[in-house]
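Visitor: I have just opened this entry and would like a guided look at it. Could we go through a few places one at a time?

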Amino acid sequence: MTKEGKEITDNQEITEMSETKQTTLAEGAASAARTYEAKAYAAASADAPLAPAAIRRRDPRPQDVQLEVLYCGVCHSDLHQVRNEWQSVMPTVYPCVPGHEIIGRVVKAGGAVRRFKEGDLAAVGCMVDSCGTCASCRDGQEQFCEGPATFTYNSPDPHIGGVTHGGYSESLVVDEAFALRVPDQLDPAGAAPLQCAGITTYSPLRHWNVGKGQKVGVVGLGGLGHMAVKFANAFGARVVVLTTSPGKAEDAVRLGAHDVVVSKNAAEMQKHAGSFDFILDTVSAVHDLNAYLNLLKRDGTLTLVGAPETPLPVKAFSLLFPRRQLAGSLIGGIRETQEMLDFCAEHGITSDVEVIPIQKINEAYERLLKGDVKYRFVIDMASLK
Ligand code: NAP
Ligand code: ZN
């Protein structure tokens, strides 16, 4: 939409037309859909703290499940979005109710629902719908839906208008096609972050075939990073954590790292130059990518999952010698998310969490900015009652 140049005029028209269509549909549906009120926590603007709010949810359709939200993880993306740090790509619509690492209990299942019944646990991640017919949807990569996908919060809501609202809420309604089964073996609070931090790290490690005989770096030991360490270890790779926090070294090893490098120490970094097959970069803030690219061996890949608000400069020669690759990855599709949950159940993997009441959410955001979280905050939604 923000691309420049005349040659994309047609695309712009298509985008504009589909937006108009979406708005009309939303307005039509908004008048038709019955809704109910739910308690939530919302940000009223980019510089307002999160505060109690009342939102509307649609009454479940035949294919929908209605969840009582039990736990919701706190992703750094929630903070970026609430503070409108991604305004050039996905501007925030206020009030904004974030949260896309959701575990809930099914309290209502529509007549056409096949995979869930009342009383079951169900999980919801970053998406709640997609077109279902484009090439990406057909490939099970709904996150890249050309529609585009309807994300769990801050996406146009085609049913009741406005934008979608996330899991910092007592209740959520979702098409069962976008709800995941939660294996019994998984602790619900520890399983909540798997819906984003889990799949966002599992998917690229699988896509780039990380496994035995490879040396893999994880940059940043936060919510995503600690899950990447667990998965890369489980896949059989030699795992090295690259951290700015020397105090996290012991935890890194406990989580599954074979070695820890304090990235501020140039001499330590130099020891690993040209030695990594793959590096997953989970950093949420501006940092020097070239320092990490230099650690890759020939044909090695650095994949970005972290999404800092400002561009990261890359020196051409960090890539040219010796034919290194810089890539990106976005969450994962529904099928792969279920595969990841089942893998976690089989291997006893959950997130290391600090459970907080919703009233501590603003404090949690400040701690997130300081890297002071071990290693994911999860909101106990009973605190909202
Ligand atoms: P987080 O828990 O805050 O972890 C980020 C980690 O980055 C910190 O713990 C810290 O680790 C490191 N870090 C922070 N500031 C740094 C700096 N200035 N220089 C170097 N390292 C720094 O965040 P998260 O929830 O894991 O999310 C990480 C990023 O991924 C966010 O930008 C988020 O929006 C993005 N994300 C992307 C996707 C996707 O689909 N691609 C999905 C979810 C989240 P150390 O203390 O170890 O250095
Ligand atoms: Zn997330």
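This is a predicted model: local features need pLDDT of at least 70, side-chain atom pairs count only at pLDDT 80 or more; totals for chains, interfaces and linings use all residues.

Visitor: Which residues of helix α12 are buried?

Guide: Helix α12 spans residues 361–369, and its buried residues are I361, A364, Y365, R367 and L368. They lie on the same side of α12, because they cover an arc of only 165° around the axis.

Visitor: Now the ligand. How many residues surround ligand 1?

Guide: Ligand 1 is surrounded by 30 residues, and the closest are T243, T244, S245, K248 and R376. By class, this shell holds 13 nonpolar, 15 polar and 2 charged residues.

Visitor: Which helix gives the most to that shell?

Guide: That is α2, which contributes 3 residues. Both α2 (76–82) and α6 (223–234) supply at least two residues each.

Visitor: What lies 2.7 Å from an oxygen atom of ligand 1?

Guide: An N or O atom in the side chain of H76 lies at that distance from a ligand oxygen. Backbone atoms take part as well: a polar one of G223 is 2.9 Å from an oxygen atom of ligand 1, and a polar one of A307 is 3.0 Å from an oxygen atom of ligand 1. The protein covers 90% of the 920 Å² of accessible area that ligand 1 has on its own.

Visitor: Let us change topic. Is S155 buried or exposed?

Guide: S155 counts as buried, because its relative accessibility is 7% and the cut-off for buried is under 20%. This serine is found in the loop between β7 (150–151) and β8 (171–175).

Visitor: What does the side chain of S155 reach?

Guide: It reaches the backbone nitrogen of F151, at 2.8 Å. Leaving aside neighbours within four places in sequence, S155 is in contact with A149, T150, G162, V163 and T164.

Visitor: There is another serine, S203. Where does S203 lie?

Guide: S203 lies in helix α5, residues 197–207. S203 counts as buried because its relative accessibility is 9%. Apart from neighbours within four places in sequence, S203 is in contact with I331, G332 and E336.

Visitor: One more place, please. How far apart in space are V314 and D288?

Guide: They are 8.2 Å apart, C-alpha to C-alpha, and 26 residues apart in sequence. V314 lies in the loop between β14 (296–304) and α10 (316–320). Not counting residues up to four places away in sequence, V314 touches L289, N290, L293, L319 and L326.

Methods. Residues are numbered from 1 along each chain as its sequence is written. Chains are lettered from A and ligands numbered from 1 in the order in which they are written. Side-chain values use heavy atoms; hydrogens and water are left out. A residue is near a molecule or strand if one of its heavy atoms lies within 4 Å of it. A polar contact is a pair of N or O atoms within 3.5 Å; within protein, one must be able to donate a hydrogen and the other to accept it, and residues adjacent in sequence count only if both atoms are side-chain atoms. Accessible areas come from the Shrake-Rupley method with a 1.4 Å probe; for residues, only the protein chains shown count as cover. Helices (H or I, at least four residues) and strands (E, at least two) are DSSP runs, numbered from the N terminus. Ala, Val, Leu, Ile, Met, Phe, Trp, Tyr, Cys and Pro count as nonpolar, Asp, Glu, Lys and Arg as charged, and the others, Gly among them, as polar. Buried means under 20% relative accessible area, exposed over 50%, partly exposed in between (1.4 Å probe, protein chains only). Contact means heavy atoms within 4.5 Å. The arc is that of the directions from the helix axis to the C-beta atoms.
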